[in-house]
Amino acid sequence: MEDNLAAGVLTPEHAAAEEESTGDGCNSASTTATDDGDNQKGLRLVHLLMAAAEALTGTNKSHDLARAILVRLKELVSPTHGTNMERLAAYFTEALQSLLDGAVGAHTTTLKHYIIGGPNHEDQLTDMLAAYQLLQDMSPYVKFGHFTANQAILEAVAHERRVHIVDYDVMEGAQWASLMQAFASKKDGPPGPHLRITALSRSCGRGNGRRSIATVQETGRRLTAFAASLGQPFTFHQCRLDPDETFRPSSLKLVRGEALVFNCMLHLPHLSYRAPDSVASFLNGAKELNPRLVTLVEEEVGPVGDEGFVGLFMDSLHRYSAVYDSLEAGFPMQRWARGLVERVFLGPRITGSVARLYRTGEEEERGSWGELLGACGFSGVPISFANHCQAKLLLGLFNDGYRVEEVGNNKLVLGWKSRRLLSASVWTFVSERLISALDRSIFLSDLQLEFSFLCN
């Protein structure tokens with residue numbers, strides 16, 4: 001499917017004309033091989049999506065033309081049937097339609113397709129848990145981020161007696177179950193530390209704030225029970241974000257002597273919508289509280305130059321096409337499994353991504369959150385050899401199209417074939433006050449050495 005995205009750019013008029021001239025011909029070409037037919041249709045869908053995006057926002061924008069192209073796209077695609085490209089195009093088509101209709105507000109949660117709540121709450125929750133498990137089975141996306149972050153945490157707190165992790169999006173708590181096992185299975189050295197996790201709960205609109213709190217509480221109960229089964233000392237707290245999703249460091253309960261860790265998971269399947277101001281407030285809070293470690297996992301964004309919304313839109317299409325292809329390689333014969341993951345996680349995420357790009361291009365213009373941390377005075381913590389080896393062993397359990405590369409010395413990047421998909425990086429922050437104290441200590445130590453040398 002990625003080959004379809006390597007085609008040249010067509011103008012909206014050319015794309016529409018091509019559709020009119022080739023639509024019936026492609027359908028009637030019974031002698032064409034199935035694969036060739038799928039590729040031709042995929043290429044046509046890419047051209048139409050690009051044309052619709054250009055008609056919606058370009059210099060010669062025409063909402064009438066955009067509407068006509070989207071009508072044709074809806075005749076060609078379905079989110080539940082067809083090839084990868086057809087199902088993917090269906091979600092991008094609906095995202096563009098929402099923009100055209102003005103249905104996307106300034107703070108849309110982007111869970112139009114799938115939101116936990118309402119009369120079918122239990123069924124939706126069951127689907128979400130099933131999709132989460134399937135995603136873990138089909139791909140390394142979940143485990144790559146969790147395992148890389150956990151290994152860095154284990155190394156950073158190896159000799160600590162108490163560890164406090166502040167988690168931006170705890171979800172079902174699966175990340176911390178594996179960390180507890182690692183703590184409890186230590187055979188050498190001191191026993192594992194007392195672990196305290198503070199999970200952030202958020203308000204996602206009317207009624208959803210209460211559900212968020214209840215969900216986090218349920219996760220806490222499961223983690224507490226699991227820790228007890230291992231004999232792992234553990235406590236769980238939650239910290240509620242402000243109504244505008246802002247994190248206030250003063251709302252945290254801190255205990256002297258704890259090694260503080262901030263954990264920020266921003267990749268699939270974590271929060272489908274992350275308000276940039278909310279993420280920024282969390283990372284700024286890390287800077288204020290000076291934790292031992294900050295672990296960050298985020299989606300990788302390709303360079304798009306100055307192409308505006310259309311360039312950002314096509315980069316997003318390319319990114320998700322790689323995800324779709326990788327999931328098909330993971331479960332080639334189980335379309336129902338891929339369909340559930342697409343409906344629960346990918347569809348809402350695509351809608352949210354396109355909406356944000358249309359409003360401000362905020363995600364891609366900002367660059368990565370890791371770059372922001374570096375610019376704000378955080379220092380990268382080198383990825384250990386053991387951590388890198390662990391990532392390679394993990395990828396060995398899946399299709400050989402996955403690859404891992406080290407970027408700089410503090411980041412591992414997971415890719416599918418030629419496309420970078422997500423990265424895990426490790427950071428720390430040393431305050432100016434602490435630097436001054438260290439400098440003063442080093443100066444006094446050097447002075448003592450010099451004095452001792454002169455006396456001798």
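**Burial and contacts**

Q: Why is Met85 called buried?
A: Met85 has a relative accessible area of 3%. Buried means under 20% relative accessible area, exposed means over 50%, and partly exposed covers the range in between (1.4 Å probe, protein chains only). The value of 3% is under 20%, so Met85 is buried. The model is predicted: local features require pLDDT of at least 70 and side-chain atom pairs pLDDT 80 or more, while totals for chains, interfaces and linings use all residues. Residues are numbered from 1 along each chain as its sequence is written, and side-chain values use heavy atoms, without hydrogens or water.

Q: Where does Met85 lie, and how far is its C-alpha atom from that of Ser321?
A: Met85 belongs to helix 4; helices are DSSP runs of H or I with at least four residues, strands are runs of E with at least two, and both are numbered from the N terminus. The C-alpha atoms of Met85 and Ser321 are 7.1 Å apart, although 236 residues separate the two along the chain.

Q: Is Thr235 buried, partly exposed or exposed?
A: The relative accessible area of Thr235 is 29%. This value lies between 20% and 50%, so Thr235 is partly exposed. Thr235 is located in strand 3 (residues 234-240).

Q: Which residues does Thr235 touch, not counting those up to four places away in sequence?
A: A contact requires heavy atoms within 4.5 Å. By that criterion Thr235 touches His194, Leu195, Arg196 and Ile197, with residues up to four places away in sequence left out.

Q: What makes Asn150 count as buried, and which residues does Asn150 touch?
A: Asn150 has 5% relative accessibility, which is under 20%, so the residue counts as buried. Asn150 lies in helix 6 (residues 141-156). Beyond residues up to four places away in sequence, Asn150 touches Gln175, Trp176, Ser178 and Leu179.

**Helices**

Q: How do you know that the span of helix 3 agrees with its number of residues?
A: The expected span is 1.5 Å times one less than the number of residues. For the 14 residues of helix 3 (residues 63-76) this gives 20 Å, and the end C-alpha atoms are 20 Å apart, so the two agree.

Q: What places the buried residues of helix 3 on the same side?
A: The buried residues of helix 3 are Ala66, Ile69, Leu70, Leu73 and Leu76. They cover an arc of only 110° around the axis, which puts them on the same side of helix 3; the arc is that of the directions from the helix axis to the C-beta atoms. The face turned away from the buried side of helix 3 carries the exposed residues Asp64 and Glu75.

Q: What kind of aromatic pair do Phe92 and Phe313 form?
A: Their centres are 5.4 Å apart and their planes 85° apart. The distance is within 6.5 Å and the angle is over 60 degrees, so Phe92 and Phe313 form an edge-to-face pair. The pair joins distant parts of the chain, with Phe92 in helix 4 (residues 84-100) and Phe313 in helix 10 (residues 308-330), 221 residues apart. Phe92 is buried at 0% relative accessible area, and Phe313 is buried at 0% as well.

Q: What kind of aromatic pair do Tyr402 and Trp416 form?
A: At 4.9 Å centre to centre and 65° between the planes, Tyr402 and Trp416 form an edge-to-face pair. Tyr402 lies in strand 7 (residues 402-407) and Trp416 in strand 8 (residues 411-416), so the pair ties together parts 14 residues apart in sequence.

Q: Which residues have the most contacts inside the largest nonpolar core?
A: A nonpolar core is a set of buried Ala, Val, Leu, Ile, Met, Phe, Trp, Tyr and Cys residues joined through side-chain atoms within 4.5 Å. The largest such core has 94 residues, and Leu96 and Tyr141 have the most contacts inside it. Helix 10 gives the most to this core, with eleven residues.

Definitions and conventions:
Rings of Phe, Tyr and Trp (its six-membered ring) pair if their centres lie within 6.5 Å; planes under 30 degrees apart count as stacked, over 60 as edge-to-face and the rest as tilted.
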